[in-house]
Every structure is written in C-alpha cells, then in structure tokens.
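Please open the structure in your viewer and keep the selection tool at hand. The tour goes one stop at a time.

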Amino acid sequence: MSTFNVGFVIFPELTQLDLTAPLQVLARLPHSTTHIVAKSEASVPSDCGLSLVPTHTFANCPALDLICIPGGVSGVIGAIADQETVDFVRRQARSAKYVTSVCTGAFVLGVAGLLKGRRVTTHWAYTDLLPLVGATYEKARVVKDGHVITAGGVTSGIDFGLSVIAEIAGETTAQAIQLGIEYDPAPPFDSGHPDRAPAAIKSAVSGRYAKANSALRAGLEQAVQAQSRSGASARG
C-alpha cells in the first residue's frame, strides 16, 4: 500500500491546539506519513508561546493527499496576506484527496479560492465572515462538502481527526484511535458553545472577540481583493 501523505501548514501565531489536536489523531492513521510544513526550516511560534519545528518547507514538501490548515486569528491574518503561503495551499489542493481546515484556518482555504459554493464551518465567533470567501456556514463541529472538510473552533480538531480517520480507514480504526487517546469528553461546564453558554458568559466572551472579528474582516477584504487583482493580471 502506498503511503498516505498528511500535511499541516503552519505559520507564526497559529493556535497550537488547532494543529496538535488533529495531529495527535491523524499521526495514527495506518500507512501514513505526517508532514509539518512552513515557509522555512525555522521554528514557528504559536500564539501560546510554544514553538513548532517544521519537517518540510514549501519548497521540498511532497504532494499531499490531505492538507490541513490550522487557525488562530493573528496568524491567519498574516497567512492570507502572504502570497507564497496562499499559492502553496492552492497548489497542493489541486491534487489533494482531502482539503481541510480547523477553526479560522478555513479562511486561508477561502482566500486560496477553495471554498466557493461550499458548506463550511469555523469558530463560532467568525461564521459571519464566511460569505466573504464565497462559503455558506453550516452549524456543526465537522462539515464535509465533497473533498473539503472543515472543523469548528480549536477542540473540534479532535472530532475532525477521528472523522477523517473513519472516512479513510473505517470506523473500527477510528474507534480504536479514540480509545487509545482516551477521548471521552465530560467537561465540567456546559458552556462550550454559544447555544448553551449562560447569557452573561456569552456576552462577556463575544465582546472580547469583536475586535478580532473586525481585524480578520479587514484582512480578508484586503486579501480577497489582492487575489482578484492577481487573477485579473494573470488572465490579462
């Protein structure tokens, strides 16, 4: 059996759990090799102080069967403004069997033109921005539309990873991996989604996200316009 190449694209200020949660799951996919890909070989700082070491660069990364983009608003704003990153994602996506994201990583796929007409999910605080990249929001932890699979905010990366394993290797394998990592969530509070969080908690947290939402909106508008100009120039 040929090796199934799984690749995670990383960039400065990404949210580390967006990467490490699905990474821990997908690294257990039978007959697979995991690649951590960045612009250079230098370590990449996450948004929590943990630095990550790439295994490959854009220049030497093999063709990926599955490409996954993690999120983190500050990091995503930088990634969507970086033409080299957008071009790499677009190029790899052309031949990938699965094009995927976790949290706000969806917007990197969107700026690369990969979400037009797709049903997509992302972190709840940024779902209103999905139409900017031609996508339609679907409320779910994991959404599959064709070969595009997107996950909601941060911790949904585990659900995403297990869903992908089931898709590729079957539910028995996915369940064995779930048991192996003891993924048996029983949170101490039922406030992990706006639909269930107490009103006071929702109000306080939503307020904190308002500035980040505005910053991401501005970054997306600029990036989408830049891609449009680039496409028009190429056609000319």
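What follows is a walk through a predicted model, from its sheet to its helices and then to some loop residues.

**Stop 1: the sheet.** Show the strands as a cartoon. Seven of them form an open sheet, with mixed pairing, in the order β5-β2-β1-β6-β7-β11-β10. Now select residues 56–57, which are β5, and residues 142–145, which are β10. These are the edge strands, and each pairs on one side only.

**Stop 2: two helices.** Two packed helices are described by the angle between their axes and the distance between the axes. Select residues 16–26 for α1 and residues 156–169 for α5; their axes come within 8 Å and cross at roughly 30°. Because angles under 35 degrees count as roughly parallel, α1 is roughly parallel to α5. The crossing of α1 and α5 is right-handed.

Next, show the side chains where the two helices meet. From α1, pick A21, P22, V25 and L26; from α5, pick G157, I158, F160, G161, L162, V164 and I165. By class, this contact has nine nonpolar residues, two polar and no charged.

**Stop 3: two loop residues with positive phi.** Most residues other than glycine have a negative phi. Select E13, in the loop between β1 and α1. Its phi is near 70°, a positive value in a residue other than glycine. Is E13 exposed or only partly exposed? E13 counts as partly exposed because its relative accessibility is 35%, and the exposed class begins over 50%.

Then select H31, in the loop between α1 and β2. H31 is not a glycine either, yet has a positive phi of about 60°.

**Stop 4: a glycine in a loop.** Select G192, which lies in the loop between α6 (171–180) and α7 (199–235). With 67% relative accessibility, G192 counts as exposed.

Key:
Residues numbered from 1 in each chain as written. Predicted model: local features only at pLDDT ≥ 70, side-chain atom pairs only at ≥ 80, totals over all residues. Heavy atoms only, no water. Pairing = 2+ DSSP bridges. Helix = DSSP H or I, 4+ residues; strand = E, 2+ residues; numbered from the N terminus. Axes fitted to C-alpha atoms, helices over the stretch in contact; angles between N-to-C directions. Parallel < 35°, antiparallel > 145°, perpendicular 65-115°, else oblique. Left-handed = near helix turned anticlockwise from the far one by under 90°. Contact = heavy atoms within 4.5 Å. Nonpolar A, V, L, I, M, F, W, Y, C, P; charged D, E, K, R; others polar. Buried < 20%, exposed > 50% of the residue type's maximum accessible area, 1.4 Å probe, protein only.
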